Amino acid sequence: MNPTADFDSSRRWKMKKYVSRIILAIGAFLVIQGFLMHAISPGARCDLDILLEAGKRYASNQAVYRLEDLNEHTKPPLLTPLLGMLAALPREPVRIFWDLMNLLLPFVVLGLWQGVAGTRLRWTDTRLWTAAAGALLLLRGAWRAEMDLGQYNLLTLTLTLAAWRLVRRDGWTMAGGLALLSLLLKPTQLFLIPWILLAHPDRPAAGQLRRFALGSLILVLLLAGLDALHQPIGKLLEAGSDWLHFLPHSSQKHILRWDNFGIPSVLEIGRAHV
């Protein structure tokens, strides 16, 4: 035995424990401070308000897709029955619920990501919570914007990772429903569908892909059926037609915005300077 080596090892272990506790304390402070600050903010969550306003318009037979809006609603119409249900609730409780969701989802994402990364840390493991607190420190600005604007990037990421895990465990039907729901929230998630399908250790068979498609179809029927309880199904089809005509004009309106970094914006800027 080497007493010096044992002493050094013990000292390093204690140092790691103290550093972990400090990071955890800072992370806990940021979570509490962030939630309290945004929960009482009266003028925030414009992204959530856009969704709720779209649901309210749809439920009252008004035009959902309006190019004259400063930040217009651009989500597929199949989502609007759910938005209409949310819009029927008092606005402030919905905002608080959204804040709580965005507060807790980073930890759900961390748990789901363990499966993607192939790690197996228990929820009681200090390293897991240290990683969560460290991530909050690094991504504090993005997380605050998520809370302040009432965004749903974390929700979309959670649905995508959950679908990946389900495919990994052969739960193709449920994965198909979750993947479609993430697609309705963020149509650009279409590019991640192949990544979800390739999560299974073996190459997807035709039967598995059919089950994935069935899960998506079940969600479509549930949402359409939910809408049909309140109004004719033709209204949803009409909204779909409006959406398809509206998208090109909306894209043209926003493509050169200073905060757009997508490939279409880059190509358009390049074409303008040729």
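Predicted model: local features only at pLDDT ≥ 70, side-chain atom pairs only at ≥ 80, totals over all residues.
Visitor: How much of the protein is buried?
Guide: Buried residues make up 40% of the 274 residues.

Visitor: And what share of the contacts join residues at least 24 apart?
Guide: That's 73%, counted among contacts between residues at least 6 apart in sequence.

Visitor: Let's go to helix 8. Which residues does it cover, and how far does it reach?
Guide: Helix 8 runs over residues 172–185, which is 14 residues. From its first C-alpha to its last it reaches 20 Å, close to the 20 Å expected at 1.5 Å a residue.

Visitor: Why call helix 8 largely enclosed?
Guide: Because ten of its 14 residues are buried, helix 8 is largely enclosed by the rest of the structure.

Visitor: Which residues are the buried ones in helix 8?
Guide: W172, A175, G176, G177, L178, A179, L180, S182, L184 and L185.

Visitor: What covers them?
Guide: The cover on the buried residues of helix 8 includes helix 7 (153–168), helix 9 (193–197) and helix 10 (206–228).

Visitor: Take helix 7 then. At what angle do helix 7 and helix 8 cross?
Guide: Roughly 160°, with the axes coming within 8 Å. Angles over 145 degrees count as roughly antiparallel, so helix 7 and helix 8 are roughly antiparallel to each other.

Visitor: Left-handed or right-handed?
Guide: The crossing of helix 7 and helix 8 is left-handed.

Visitor: Which residues meet there?
Guide: On the helix 7 side you have L155, T156, L159, T160, A162, A163, L166 and V167. They meet W172, M174, A175, L178, A179, L181, S182 and L185 in helix 8.

Visitor: OK, and helix 8 against helix 10, how do the axes cross?
Guide: The axes of helix 8 and helix 10 come within 7 Å and cross at roughly 55°. That makes helix 8 oblique to helix 10.

Visitor: Which residues make that contact?
Guide: Helix 8 brings W172, T173, A175, G176, G177, A179, L180, L181 and L184. Helix 10 answers with Q208, L209, R211, F212, G215, S216, I218, L219, V220 and L223.

Visitor: Is that crossing left-handed or right-handed?
Guide: Helix 8 and helix 10 cross in the right-handed sense.

Visitor: Switching to the core. How many residues are in the largest nonpolar one?
Guide: It has 47 residues, and those with the most contacts inside it are L155, V167, I196 and F212. Helix 2 (46–59), helix 4 (91–117), helix 6 (140–149), helix 7, helix 8, helix 9, helix 10 and helix 11 (233–254) each supply at least two residues of this core.

Visitor: Which helix gives the largest share?
Guide: Helix 7, with eight residues.

Visitor: You listed V167. What does V167 touch?
Guide: Leaving out residues up to four places away in sequence, V167 touches W172, A175, I196, L197, A199, H200 and F212.

Visitor: Where do they lie?
Guide: N61 lies in the loop between helix 2 and helix 3 (80–87), while D170 lies in the loop between helix 7 and helix 8.

Visitor: Exposed or partly exposed?
Guide: N61 counts as exposed at 56% relative accessibility. D170 counts as partly exposed at 34%.

Visitor: How about D99, buried or exposed?
Guide: D99, found in helix 4, is buried, with a relative accessible area of 1%.

Visitor: How far apart are the C-alpha atoms of D99 and D148?
Guide: They're separated by 8.6 Å, with the two residues 49 apart along the chain.

Visitor: Last one, K56. Where does K56 lie?
Guide: K56 lies in helix 2. It is partly exposed, with a relative accessible area of 49%. The C-alpha atoms of K56 and P81 are separated by 9.8 Å, and those residues are 25 apart along the chain.

Terms used:
Residues numbered from 1 in each chain as written. Heavy atoms only, no water. Helix = DSSP H or I, 4+ residues; strand = E, 2+ residues; numbered from the N terminus. Expected span 1.5 Å × (residues − 1). Buried < 20%, exposed > 50% of the residue type's maximum accessible area, 1.4 Å probe, protein only. Contact = heavy atoms within 4.5 Å. Core = buried A, V, L, I, M, F, W, Y, C linked by side-chain atoms within 4.5 Å. Axes fitted to C-alpha atoms, helices over the stretch in contact; angles between N-to-C directions. Parallel < 35°, antiparallel > 145°, perpendicular 65-115°, else oblique. Left-handed = near helix turned anticlockwise from the far one by under 90°.
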